[in-house]
Amino acid sequence: MNKLLDSNSISVNLDQYDQELIHAPGYIQPHGVLIVLDKKNLNILQISENTEQFFGVTAQSLINQEITKLFPVFQVKKIRKYISNNGDDNIHNYGLKIKLFNKSFQAVIHQGSENLILELESQELTNNKSINLTETIRTSIYQLKKATNISELSQYLAENIKDIIHFDRVMIYQFKEDNSGVVIAEAKENHLESYLNLHYPEFDIPEVARRLYRENWLRIIPDVNYQPIPIIPNSESLDLSPTFLRSVSPCHLTYLKNMGVTASMSISLIHENKLWGLIACHHYSPKYIDYETRKNCEFLGQFLSLQTKVIQEQELRQYLHKIDQIKTNIREQIRQYPSFINDLIKAHEPMIIDLVHSQGMAIILGKQVILSGKTPDESLIINLVNQVLKPEKKEVFYTDCLSQIYPEAEQFKTVASGILAISIFLSTTSYHLIWFRPEQRQTKHWAGNPEAVFSQENPDNIPILSPRNSFKIWQETVKNKSLSWQKVEIEAAQELRTIILLAALEFSQISHELLEENAKQAEAANQAKTQFLAKMSHELRTPLNAILGFSHILSRDFSLSVQQRDYLDIINHSGEYLLSLINDVLEMSKIEAGQLKLNQNNFDFWELIKSIQEMFCIKASDQGLHLLLEQQENLPQYLLGDEAKIRQIIVNLVGNAIKFTEHGHVILRISQLTTKPQKIKVKIEVEDTGKGISPEELDLIFDPFKQAQNKNHSESGTGLGLSISQQFAHLMGGEITVTSQLNQGSIFTCILNLELSPPTFLPSQKTTQKVLRLASEEPIYRILVVEDVPENQKLMVHLLQSVGFQVNSAYDGLQAIALWQSWQPDLIFMDMRMPKLDGYEATRRIRQLELSNPELPSVSIVALTATVFEEERKDIFAVGCNDIVYKPFREEVLFEIINKHLRVQYVYENEPLKKNQIAFLQLNEVKCKLSLMPNEWREQLKEAAVSAREKNILNLIKQIPQEHFSLAQALNRMLDNLAFSDIINLTENPTNEEF
C-alpha cells in the first residue's frame, strides 16, 4: 500500500523515499579515498576519482592494477593479515594506520562475499581538541551507570558526547511506535534555541535510511556542502552500506542545510535488533571527527543501548512483581471462594485498575457486566462490545483514540478516549475485560509543519518530495486521545486474562448460570483452553524452530567428530520429542471434548525404550542419579499401537521421577502381564527414591492444570503432563496408578492394552537425503522471508542461501509489502504473527494489489505459523496464502514446499546416511576416494599424520568437497582413534581405480 501525504490538497507519494538506493550511490564524500579490491589477488577493481589529490596518481591509471602499485609490500602484508583473521562472517571492520606517499591514513577494511572495500581517511584532517579519551570514557560510563531512568541516562550521554566531539548540539532522538520521533535529551551551546521535546514525522527518517542505521552504528558528514566524488568504473551494484565515506542522499543534505547544519554525526541506538533511537550531533560549520574518537562515541552509544535495556528490565521486574502479587492474591482466593468472582474482582478493584494505569474497568461475562472505577454507562459499553470488539474479534485490542474508529465514543471521551480490551470469543457468547483511559489533551510541538514536505519546482509541475524549508516550531493540539498504552501494560493485561476470565469461566457460578446446557459448558471451557494453548504453542514452537533448525545446519558440517555428531543427535532427538510433546499438549481440548483418537502403527518397542533411556541418561548422571532399566527378556519387540502417546507416557513418568529425585536412583521396569492371540497387556513401572507425595495430594496430581504443592517439589511445568498421560492410558484401555511415601519415594504404574505386530511386519530402514544445492541449469529464484524473530529469520535466510536461492528478509508486514513491490520475489514465506502489520493483513493487501494491477505476476505465499488449529488454517487460506509450513519445520519440508510451488531441481547428497547412523568406508574404498583428491593435499595429509598433528588433519578434512562426505567421515573416525599409521599407509599408495 502506497504511503500518501495530502498537503494543501496535493497528494505526494512518499514511497519514493523508500525506493532511493542510498546504499549504492556510486559516489563518496571527498575527505578520503575508497578502493574496491579483488578478494583473491587484491587487484584494484574500482576506485574513487580523487586519488591524485591524495597520492598524486590518477584514478584511471590504477584500475586493474595490483595493490602494490599504491602500497608497499609490508603494508600489503598487514592488510592480508587483517583479512585472514576475519573468520566466516560477511562483514568485518578493522581500523589500522597506514602511511602512503609520506602521508598518514586511517584505513578501514570491509569484507564482502566477493570483494574488499578499503577506505582511507587522511589523518591530517582532524581538528578535534586534544582530550584524554580514556579518562573521558571512564567518567561517562560512571555517570551513565548512576542514572535511575532513561531520561536521566539520555541527558548524561548527550552532555558527555558533546564534551568529546565539541559539536554545537547533541540530541538523543527516540522513535515512537508509529516511527515518528521525539527529542528526549539535548546538550547545546547557550545561544541556540532548544529542540528538546520536538516531534519529527516518520518520513524525516524513511525506512530505507532506518535500515542502514540498524546495520551501522555510526554515520558522519563533515561538510554538507561537499562535491561528491564518483567511483570509477561506475557500478550501481556496488553496495557501500558499511562504509564511512558513502555519499549522502541529496534529500538528506538539503534537509540538513534547511536546518542550518553544516556537519553532522549520527550514532544508532539499537534494542533487540530494532532501531530504538539516534544520537544526532549537529555543528554549524564544517567539522571532521577522527576514527578513534568516532569509535569511542560509538562505544558510548552501544553502552547507552545496553544500559537502557537494563533500566527497562529493572522497571519490568518491578512491574511483574506487582502483577505476581495480584495474581497470587486472586488465585488463592479463587481456590477458597470459587463462586464469588464478582466480589473477588471488587475487592481487588484498585490494584487491577492501577495495573495498567487506567481509571476504570469493565468485565463482560456474556450478559453480565461488572463495572469498576470511572467507566461509560453499561448500555454504552454493551454497544461498544457489539460494534467494535465483536467485529474486530481480536484477542487483544487497544487504541488511544477510540472515536477515530468508533465516532459514538465522542460522547464519553472524558472517561474513555482510549481502551485496552482482552477478549475470549466462543461459539455462543464472548467474554471481555476492558480498561478505560480518559481524553488527555496536549499540545504537541513539531519541528516545522510535518505536512510541508513537497516542492512543485519541476518542468512537469508534478509535486515531488523535498525536505521542509522551515523548522520553526509548529504546534498541534491533540484531542480525543488518551495516553498511549505501553507494551508492558498490554502484556500485564494478557497475564490477567487467564487468571480472571478463565477463572470466571471454569469456577464461578456466573458461568454456570450463563450456560444453560452441559454441552454448552463443555464447549465453552474447551474453546477457552484451546485459545490459551494456541498462545502457548506459539511461544514454545517459535524458539524450538531455531533450536532444531540450527542443529540441522550444524549436522551438515562433515568435519564434526563422532562424539560431536552424537551430541547433535541427542539435541535433535530431544528437540523432536519436545515438538511431539507440544503437539500432544494441544490435544487437551480434544481430550475434554471426547474427540481424541489413537494413531495406530507398527513400531519397534525395544528401540522406543532404548531411545528414552539414552535421552535421560545424561540428565540423570548430571544430577548424580542412577538410571536403571529392567526389561523382561521375553518382551515382544514389535507392537501395534500409538507410538507417540506411549512415548509421552513413559517420558513423562521418567522425567518426573528424575525431576523430583535429589539422590539415589530411578528404575524403569518394562514387562508383559498376559498375552492372548495378537493381544498383549504391557506393564510400565517407574520407581524413584525422591521425596514422595503426601496422601492429601495424591488425588490431585492427575487433575488438569494442577500440581502437587509439596514444598519439596518444583512448581515448574504446565500441570498437564500426568493428566494427558492418564487420558492416553485410558484411551489404550489402561490406567496409571501411584503409591508413594514421604521421604522414601514413589512408584508410578501404567498398564496398557496393545496388540502384537503381524508376523509379516518388517521395520522400515528410513534414509535421509539432504539437498546440497540448486541444479546448475536452474535460474536465480528470489525468496522473501518475513519473520519478526531474529533467530528464526537468520535460520531461514542461511538455509536458503546455502543451496543457492537469492534471499531477502523483512521483520514485519509493512516491510514485506514494500519489498514485494520493489524486489518482486518468486515466493514469500510469511510469518502470520508479527508487530505493526501481521501476516494475515500483509497477505490480504498483496492479493488486493495484484488484483488491481493485472500486469503483476501472482506470487506464491507460504504461511509460517507456530500454531496448528484448524480455525487458523482456514483463516490462513482465506486471506490468500497458497500453503502452510508449521514451526518448527524440517529443512526437507521447506525444500519440498519450494519445489511444489517453483518446480525447482536440486542436487542431493550422493550417499545418503541411514537414520541415526554415520556412514564409513573400508580401507580400500578410502584409498579410492583419496586418489580423487589433489596430490598436494594428500602430501599435506601424510605430513600431518607423520607429525601426529591432529589440528592440521582436521583442517585438511574440512577441505574435502561435500560429494566425498564419506571420505571425511572415515578420516574423522581414524582421527578419533588416533590411527595416524593407517592414514600414513593410505596416503603412500593410493589406488587409481574407479568405483
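Which residues form one aromatic cluster with Phe54? Phe55 and Phe105 do.

The model is predicted: local features need pLDDT of at least 70, side-chain atom pairs count only at pLDDT 80 or more, and totals for chains, interfaces and linings use all residues. Residues are numbered from 1 along each chain as its sequence is written, and side-chain values use heavy atoms, with hydrogens and water left out.

**View A. Aromatic pair of phenylalanine 603 and phenylalanine 605.** Nine aromatic pairs occur in the structure. Rings of Phe, Tyr and Trp (its six-membered ring) pair if their centres lie within 6.5 Å; planes under 30 degrees apart count as stacked, over 60 as edge-to-face and the rest as tilted. The pair of phenylalanine 603 and phenylalanine 605 is edge-to-face because the ring centres are 6.2 Å apart and the planes stand at 90°. Phenylalanine 603 and phenylalanine 605 are both buried (buried means under 20% relative accessible area, exposed over 50%, partly exposed in between; 1.4 Å probe, protein chains only).

**View B. Charges over rings.** A charge sits over a ring if NZ of Lys or CZ of Arg is within 6 Å of the ring centre and within 35 degrees of the ring normal. Arginine 437 places its charged end over the ring of tryptophan 485, 3.9 Å from the ring centre. For lysine 645, the charged end sits over the ring of phenylalanine 728, at 5.3 Å from the centre.

**View C. Salt bridge of glutamate 755 and lysine 679.** A salt bridge is a side-chain nitrogen of Lys or Arg within 4 Å of a carboxyl oxygen of Asp or Glu; the count comes to 20 salt bridges. In the one between glutamate 755 and lysine 679, the closest N and O atoms are 3.5 Å apart. This pair links distant parts of the chain, with glutamate 755 in strand E31 (residues 745-756) and lysine 679 in strand E29 (residues 679-688), 76 residues apart. Helices (H or I, at least four residues) and strands (E, at least two) are DSSP runs, numbered from the N terminus. Glutamate 755 is partly exposed at 27% relative accessible area, and lysine 679 is partly exposed at 43%.

**View D. Salt bridge of lysine 900 and aspartate 883.** The side chains of lysine 900 and aspartate 883 meet at 2.8 Å, N to O. Lysine 900 is partly exposed, at 46% relative accessible area, whereas aspartate 883 is buried, at 10%.
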